[in-house]
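Dear colleague,

I am passing on the structure we spoke about, and I would be glad if you could look through it alongside the notes below.

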Amino acid sequence: MPRLQNKVIVVTGASSGFGRAISRACAAEGAKVVVGDIHEHPNTGGFEDDADLSTVEVIEKTGGTATYVSCDVTKEDQVDNLIAETVRRFGRIDVMVNNAGIYRNGKRLHEFDVADLDICFDVNVRGTFFGSKAAIRQMLDQGEGGVIVNLVSTAGLQGHPNQSVYNISKGAQANLTRCLAIEYGKDGIRVNGICPTYAKTSLTRALFDDKDFDQVFTESIPLKRWGEVDDIANLAVFLASDESSYIHGDLIKVDGGETLCRYSV
């Protein structure tokens with residue numbers, strides 16, 4: 001039997017990148033997937049090999065079940081509607097993947113303006129807060145537990161130069177993950193975070209195409225390569241499944257060894 005047979009899974013930011021890969025992988029394992037995003041089709045400039053198709057179209061093309069709900073995760077009423085539409089269409093929610101995120105970099109702290117800080121906190125922190133809050137309310141009403149998976153980052157675990165506004169938002173998201181795990185474990189709601197390093201998505205395309213950055217980054221990683229979206233999607237499926245039933249409150253690195261050293265060997 002598929003690992004996620006008949007589970008209802010909501011993924012935010014699911015039209016592109018990690019969210020798209022997670023949605024596809026969950027659907028392939030039998031889940032009914034709700035794709036939440038501002039736009040139905042993938043961002044331009046990404047690495048998708050089927051960018052002309054929406055995530056729902058890709059899933060349905062391979063025999064899976066999915067539906068799209070427009071959602072801006074910075075708006076609490078829209079996130080509430082995302083969960084309400086999930087319940088209306090599929091009767092319940094089993095897994096909430098708070099994947100929607102935004103990245104700002106390239107400046108030292110004194111060079112960032114408040115708009116950079118605000119957008120990182122609005123999407124990365126408020127979006128995860130609203131998504132978790134709405135999903136947990138529904139899970140408590142169902143009384144059967146559930147799973148929350150937050151897409152954090154190695155930026156939530158350590159400092160990096162020239163992206164302070166992003167790192168502090170991810171640090172807040174990491175601590176939110178810990179707090180949720182402490183508060184809702186007794187209700188059978190498992191909460192974990194996934195912490196990728198740089199991976200090939202539209203958010204990092206400019207860095208990937210910068211050959212100087214590419215060389216320095218790749219040489220600093222023990223596995224000597226960028227992350228792929230499937231590296232993250234495979235872990236998300238595991239955390240959503242019953243196979244991870246005793247993993248709780250963890251922040252799991254998917255980083256090719258980045259956090260071990262970050263120097264060339």
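This is a predicted model: local features need pLDDT of at least 70, side-chain atom pairs count only at pLDDT 80 or more; totals for chains, interfaces and linings use all residues.

Residues are numbered from 1 along each chain as its sequence is written, and side-chain values use heavy atoms, with hydrogens and water left out.

The structure holds 1 cavity of 30 Å³ or more, a cavity being a set of points, on a 1 Å grid over the protein atoms alone, where a 1.4 Å probe fits but cannot get out. The volume of the largest cavity is about 30 Å³, taken as the space filled by probe spheres set on the points, which are joined across faces, edges and corners. Its lining, meaning residues with an atom within 4 Å of a point, consists of S16, G17, N43, G46, F47, E48, T201 and S202. By class there are 1 nonpolar, 6 polar and 1 charged residues in that lining, with Gly counted as polar, Phe as nonpolar and Glu as charged.

As for the backbone, N162, in the loop between β5 (146–151) and α5 (164–184), has a positive phi near 65 degrees although it is a residue other than glycine. K224, in the loop between α7 (211–220) and α8 (229–240), is likewise not a glycine and has a positive phi of about 60 degrees. Helices (H or I, at least four residues) and strands (E, at least two) are DSSP runs, numbered from the N terminus. N162 counts as partly exposed because its relative accessibility is 38%, and K224 is partly exposed at a relative accessible area of 36%, the term covering values between buried (under 20%) and exposed (over 50%), with a 1.4 Å probe and protein chains only.

With best wishes

Notes
On a 1 Å grid over the protein atoms alone, a cavity is a set of points where a 1.4 Å probe fits but cannot get out, and a pocket is an open set with protein on both sides within 12 Å along at least five of seven lines; lining residues have an atom within 4 Å of a point.
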